[in-house]
Amino acid sequence: DDNQLKKIAGHAKEYGFIFQSSEIYDGLSAAYDYGQNGVELKNNIKQYWWKAMVQMNENIVGIDSSIFMHPTTWKASGHVDAFNDPMIDNKDSKKRYRADVLVEEYLDKIEAKITKEVEKAEKRFGDAFDKEQFLATNPNVLRNKEKIDEISQRLGNSLETENLADVKALIEELGIADPVSGSKNWTDVRQFNLMFSTEMGSVAEGANKIYLRPETAQGIFVNFLNVQKSGRMKVPFGIAQIGKAFRNEIIARQFIFRMREFEQMEMQFFVKPGEELTWYETWKEKRMKWHKTLGLGDENYRFHDHINLAHYANAAADIQFNFPMGFKELEGIHSRTDFDLKAHEEYSGKKLQFFDTVDNESFVPYVVETSIGLDRMFLAVLSAAYTEETLEDGSERTVLKIPAALAPYQVAILPLLKKEDSGLPQKARAILADLQFDFNCQYDEKDAIGKRYRRQDAIGTPYCVTVDHQTLEDNTVTIRDRDDLSQIRISVEELKSKLTEVTSI
Ligand code: ATP
């Protein structure tokens, strides 16, 4: 719920993960800064993605293209003409909304009714409850499901045919009210282009209007031949990229879920025409497996297949994650056909084709794309990790159960005493020096040990190594496990291999 999201945002701020942009000037909406712990987690997520996509696939390579691109790029890609969201204002509250989101939130409410119905029946029937059967036969559920289908079909059709009057009619027929004021006094629905523009070159020399890229994908498409030729790549092959993207979202709420400046991790996979749907299925499965391997809970993921396809796609699905606000898109897998490469051929006048030496023919490859928002992935990790617990001794703690491989710090080195003459700080620093190159370590000697453990819990450090008097005698330390609070004693020589073992995925 919203409360949970607020708690997570509060924790993220208090512990140096995420700050509102320009906070001292009361903030800039939908822009966020990653703090000292946030940047570590973010870098680890990037690395986890890059390793899985680039390092582990011999036919996928990476690039880093510029944010500014020739303005014709966005003409060819369709973004100048069609990268719009339908916007609507409430005449009484003067609040602005995305018309499609208003309808979708209405659908979420119907969905919630179905969930409630199921929960009620579950209670009533206990162990004898057959959920599948119930969903397939209960008249209330069926009626609501039908309603959802009808409304989403109509919304999809209206958006696709740009019948904005019908989108408004739908909002009125459903009786959707402004969530803030309760008013149903709506303006017409208008299209709103999401691209930010700026000028390149000084005005005196005749400036050119250019755009901040709204997706990283086009930087890959325009470099298709550069990479293919210089890397001697053979279809099927992929190009991956991590980078910033900018969208002037009409409404930007829900913390880092929807930002105006955000980061994407995208991979475009070039295949032979006709083979795209097989590859689409392959990438859907591979990407779902990647998510589940992380251990945030298999039940938190689901596919959502698109019924209404974008102009460039012949198949598309989202991987949704169970965020505090419910199941929402985390990643998109799209079969983009040859739409982009063909369009760039047409607008640039350059061929963007692959010569297949086996069949002795040239073709414009089809593309299967995987596209995930880095910040959304960050929010997924953070919200799955955030836990408030009461311990056996009755004390409470807030702990981030971040997967060990992604945690900002893998280990904290804590001398039991801070006094130099105890010899413990010197020993602890020697251990730190030995681990620091291979692991991101924290060193903390301030306050009682229990308090230091809590601080590490709050930033998600999976292991605490405590150096005590016994360490000086037999060269052993305790390792405390963040999640089950167990403490084991091991020798200092074993530390590195132990940490390597427990922090790898
Ligand atoms: P949405 O429907 O949520 O607006 P989208 O379908 O427009 O997203 P895509 O264009 O497919 O998104 O972009 C791919 C990925 O980029 C999304 O799955 C999401 O994780 C991320 N993303 C898109 N827009 C934003 C944003 N404004 N803030 C943060 N991440 C975003």
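Helices (DSSP runs of H or I, at least four residues) and strands (runs of E, at least two) are numbered here from the N terminus. On that basis, the protein chain comprises 17 helices and 23 strands. The model is a predicted one, in which local features need pLDDT of at least 70 and side-chain atom pairs count only at pLDDT 80 or more, while totals for chains, interfaces and linings use all residues. Residues are numbered from 1 along each chain as its sequence is written.

Taken along the principal axes, the C-alpha atoms of the protein chain fill a box of roughly 75 × 65 × 55 Å. The domain assignment, which is automatic or drawn from a database, gives domain 1 (2-83 + 194-382) and domain 2 (409-503). The C-alpha centres of domain 1 and domain 2 are 39 Å apart. Of the 505 residues, 32% count as buried, that is, they have 20 or more other C-beta atoms within 10 Å of their own, with C-beta atoms placed from the backbone. Contacts are defined by C-beta atoms, placed from the backbone, that lie within 7 Å of each other. Among contacts between residues at least 6 apart in sequence, 65% join residues at least 24 apart.

Two packed helices are described by the angle between their axes and the distance between the axes. Helix 2 (residues 36-55) packs against helix 13 (residues 374-385) at an angle of about 110 degrees, with the axes 10 Å apart; axes are lines fitted to C-alpha atoms over the stretch in contact, and angles run from 0 to 180 degrees between N-to-C directions. Helix 2 is therefore roughly perpendicular to helix 13, a term that covers angles of 65 to 115 degrees. Helix 2 contributes Leu41, Lys42, Ile45 and Lys46 to the contact, and helix 13 contributes Leu374, Met377, Phe378 and Val381.

Leucine 41, located in helix 2, counts as buried because it has 26 C-beta neighbours inside 10 Å. Not counting residues up to four places away in sequence, leucine 41 touches Phe17, Phe378, Val381, Ile402, Leu406 and Pro408.

Helix 12 is followed by glycine 349, with a positive phi near 75 degrees.

Key. Angles under 35 degrees count as roughly parallel, over 145 as roughly antiparallel, 65 to 115 as roughly perpendicular and the rest as oblique. Two residues are in contact if their C-beta atoms, placed from the backbone, lie within 7 Å. A residue is buried if 20 or more other C-beta atoms lie within 10 Å of its own, exposed if 12 or fewer, and partly exposed in between; C-beta atoms are placed from the backbone.
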